[in-house]
Amino acid sequence: MMAVLAILALSVPGYAAPLLNTYLDDVPVAEIVPGAQSYGTPLAEGAVVPAVRDGETLGHVFLTSDFVTTTGYSGKPIHILVGVDADAKVTGLRMVEHSEPIVLIGIPESKINAVIERYVGLDLIAEAEAGGSAHDLDIVSGATVTIMVIDDSIVRAGLKVARSLGLGGLMVEETSGITKTLKADPDPAIVDWPTLAGDGSIRPLTLDVGQVNAAFAALGDERASARPEPGDPSDPFVDMRMALVSVPEIGKSLLGPAEYGNLQSWLSEGEHAILVAGRGRYSFKGSGYVRGGIFDRIQLVQGDVSVRFFDRQHRRLGRIAAEGAPSFNELDLFRIPADVGFDPAVPFRLQLLVQRPVGPIDKVFTTFDLGYVLPDRFVETVSPEPPTVEPQVSGELAASDPGELTHLWKRIWEAKTVEVAVLGVALLVLTGVFFFQMQITRSERFTFWFRIGFLTFTLFFLGWYANAQLSVVNVLAFVSAATTDFSWSAFLMDPLIFVLWFCVAASLLFWGRGVFCGWLCPFGALQELTNRLAKLARIPQITVPWGLHERLWPLKYIIFLGLFGVSLYSLSLAEELSEIEPFKTAIILKFQRDWPYVAFVVALLAAGLFIERFYCRYLCPLGAALAIPARLRMFDWLKRYRECGNPCKRCANECMVQAIHPEGHINPNECHQCLHCQVLYQSPTKCPVVIKRDAKRAKFMRSNSPHSSAINPAEPSNKSRPTLIEPTQGA
């Protein structure tokens, strides 16, 4: 049962049922559609609600996340209520929920709301004609991705609703029955760069300094005009090229046969890839993908579809294999997921976001488009059979297909095969160590270096590389998941997190919380490794008096219960308060945050230099959350002697988190399963019980040896024999 509960903590709201009704009671209808008095009878299975006055419909209200699932840094949609009138113009908006860390950690939400309010009056007819780019994108410095997600959600969801309801004359795009598709090419030719560039297989976007300065001047922002890009107007600013390398001839020519084979292995069924090459003073990649895993300067746009690339959809390319290719500073491959609705036979564009600093932290942005149309020789016209499903009629909105989500998690697992395999091997090794801990801990040296090595793996691979850091937010989400529809597909979206939660759930029944806290928590590993360095530097270690220590460790339980109580009222508020966890700053964002958050983490690590695992002992709500179900563990694996605690206190004095009571009892709620007490339990040089036992055995062997005399004159008398129990601090 506990395993199920732990896994359910991964859940997110389901995609099947519209969420609109969840927020309507909190937002007056007049705020979304001015002049309206009440919400009418929901349409389209609750996904759209009319805004009415005296029986007359003034507009329609919908929630963006019911129609698009574009996500930002948080990995969750941003929920925005939008009103639209009969002329397909936006009448009002309200952001009702979000989990974006960049907003939660310092950028005032008022700035984001001010940007959202500027979408009032947005003409969806013009957006439909311009492919969603008829308006200017107003970016907030420091929240580039968040604003782009908001923009994409409002425009794409608005177009879907307007077309489905026939607002402003917009209608669902009809298909003539004649479509274009990629030609099969079992034996693609290899051609040179000039040929591919000449027929349009490679498309360019070349901007000079003069063009960029003119674009910023056209924005009408005096701050941008006052800070022009330096240099001669003809100096190159950026030179980009793009090619659809999932097309066999293009890909094999540009990448070479070997690298094209690697590309095919990387892509799953239905996925495509583009090559983007760049040179000049402006980078199309920027550094956002390093900080948060998202390429915030480029996005692919095709009609209502937009694709923003994450670092897991990116690979660097060493060189271009095509003969005659120029040199580029940046060569990158980007994978287009199968579930986004991308059609390679339909024209699309890569939108480049160019930024200009206008103050210490403020920036102004403008965009440029690199258009792409696949040459006719790669496509063919087909006449498909008549559809077997009824066409969509006005007022009926297509529900999300749960199968798309299922296919998506399967592709994610396939892409993460190596990482999952590495984690699986590590967990098997760790499980073996715990099952055979008495054999392993016979060697103090091996146990020490194995622990150091495993903690290093946890920090660098699980933490900084894979971002597989569990959080109390996962636990708090269980209550929300238990009261809403959920999908197993959603649980499986992050393979490493899923595997870790499953193993944590199992380990709670066998060993308690110590397996995760002591071995698999990246931030815990960071604390312990830095403390080891502090000991090497001879930084004095502080032993917290037992009376104070046992009054401090309940703090983490109080913190957890407080967060749990808040989550019953507002999960979003609880997520904000969970910033007491330093995991996001130190592990997920790798210290790339505002200075107060970095200072908080540094303070915790600094305390940990003097008091080992200071945060784990006294403040960690996740440790407290795991300790509660861990009370149901079935086994006590740690062995003890009757003499432990009275008279010997060596294990208690050397326990890194002071989980051993003065009388020798191990507190399983606080134990991190480091196994050091088991090393001492078997030590022939440190454990008084073992020393005494070995001495008796040696004496017995001597007395029964045929070469021993009845009386050994060299043996000291009882009065002169030293005690076998070593004096220890606190004994």
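**Aromatic rings in a predicted model**

Phe-434, Phe-435, Phe-446, Phe-450, Phe-454, Phe-457, Phe-461, Tyr-465, Phe-510, Trp-511, Trp-519 and Trp-637 make up one aromatic cluster. This is a predicted model, where local features need pLDDT of at least 70, side-chain atom pairs count only at pLDDT 80 or more, and totals for chains, interfaces and linings use all residues. Residues are numbered from 1 along each chain as its sequence is written, and side-chain values use heavy atoms, with hydrogens and water left out.

Trainee: How many aromatic pairs are there in the whole structure?

Mentor: Rings of Phe, Tyr and Trp (its six-membered ring) pair if their centres lie within 6.5 Å; planes under 30 degrees apart are stacked, over 60 edge-to-face, and the rest tilted. Searching the whole structure that way gives 30.

Trainee: What kind of pair do Phe-460 and Trp-464 form?

Mentor: Their ring centres are 5.1 Å apart. The planes stand at 90°, so the pair is edge-to-face.

Trainee: Is Phe-583 buried or exposed?

Mentor: Phe-583 pairs with Tyr-615, 6.1 Å centre to centre and 85° between the planes. Buried means under 20% relative accessible area, exposed over 50%, partly exposed in between (1.4 Å probe, protein chains only). Phe-583 has 3%, so Phe-583 is buried.

Trainee: Which residue has its charged end over the ring of Trp-519?

Mentor: A charge sits over a ring if NZ of Lys or CZ of Arg is within 6 Å of the ring centre and within 35 degrees of the ring normal. Here the charged end is 4.6 Å from the ring centre, and the residue is Arg-451.
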